[in-house]
Amino acid sequence: MEEKRKHQRTEINEPGYVSADGSVMRCVVRNISQEGAAIDVDNPAFVPAQFRLVMANDSSTRDCRVIWIRQKRIGLAFVDPTDVRN
């Protein structure tokens, strides 16, 4: 498979949260780069097209949009790759 990413992703296995419209869902962040990430969730049907990803370990947040879904894994693009909030 041809690699299409501009930035190399770092493999991680950290807890996080999908946050949107007052609801929160647990996820596991599997990999992350400057421009995006991949997360695993129990039920992708409940993940909106755009949401805020909150990292559980340091409470940093990133605004995201869904790029692809494969079973329980979701590929994300960060809406503003330079905007990381703590």
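Guide: The sulfur of Cys27 lies 8.9 Å from the closest cysteine sulfur, that of Cys64, and this is too far for a bond, because a disulfide is taken to be a pair of cysteine sulfur atoms within 2.5 Å. Cys64 is accordingly in no disulfide, and the structure holds 0 disulfides. Cys27 counts as buried at 5% relative accessibility, and Cys64 counts as buried at 1%, where buried means under 20% relative accessible area, exposed over 50% and partly exposed in between, with a 1.4 Å probe and protein chains only.

A word on the basis of these values: this is a predicted model, in which local features need pLDDT of at least 70 and side-chain atom pairs count only at pLDDT 80 or more, while totals for chains, interfaces and linings use all residues. Residues are numbered from 1 along each chain as its sequence is written, and side-chain values use heavy atoms, with hydrogens and water left out.

As for the surrounding strands, strand S2 covers residues 23-32 and pairs with strand S3, residues 36-40, in the antiparallel sense over 4 bridges; two strands pair if DSSP finds at least two bridges between them. Within this pair, Val28 has Asp40 in S3 as its bridge partner. Strand S5, residues 61-70, is joined to S4 by 5 bridges, and the two run antiparallel. Val54 stands opposite Thr61 in S5, and in the hairpin of S4 and S5, with 5 residues between the strands, Ser59 takes a positive phi near 65°. S4, residues 50-55, also pairs with strand S1, residues 10-20, in the antiparallel sense over 4 bridges, and there Ser19 stands opposite Arg52 in S4.

Across the protein chain, buried residues make up 36% of the 86 residues. Of the contacts (heavy atoms within 4.5 Å) between residues at least 6 apart in sequence, 45% join residues at least 24 apart.
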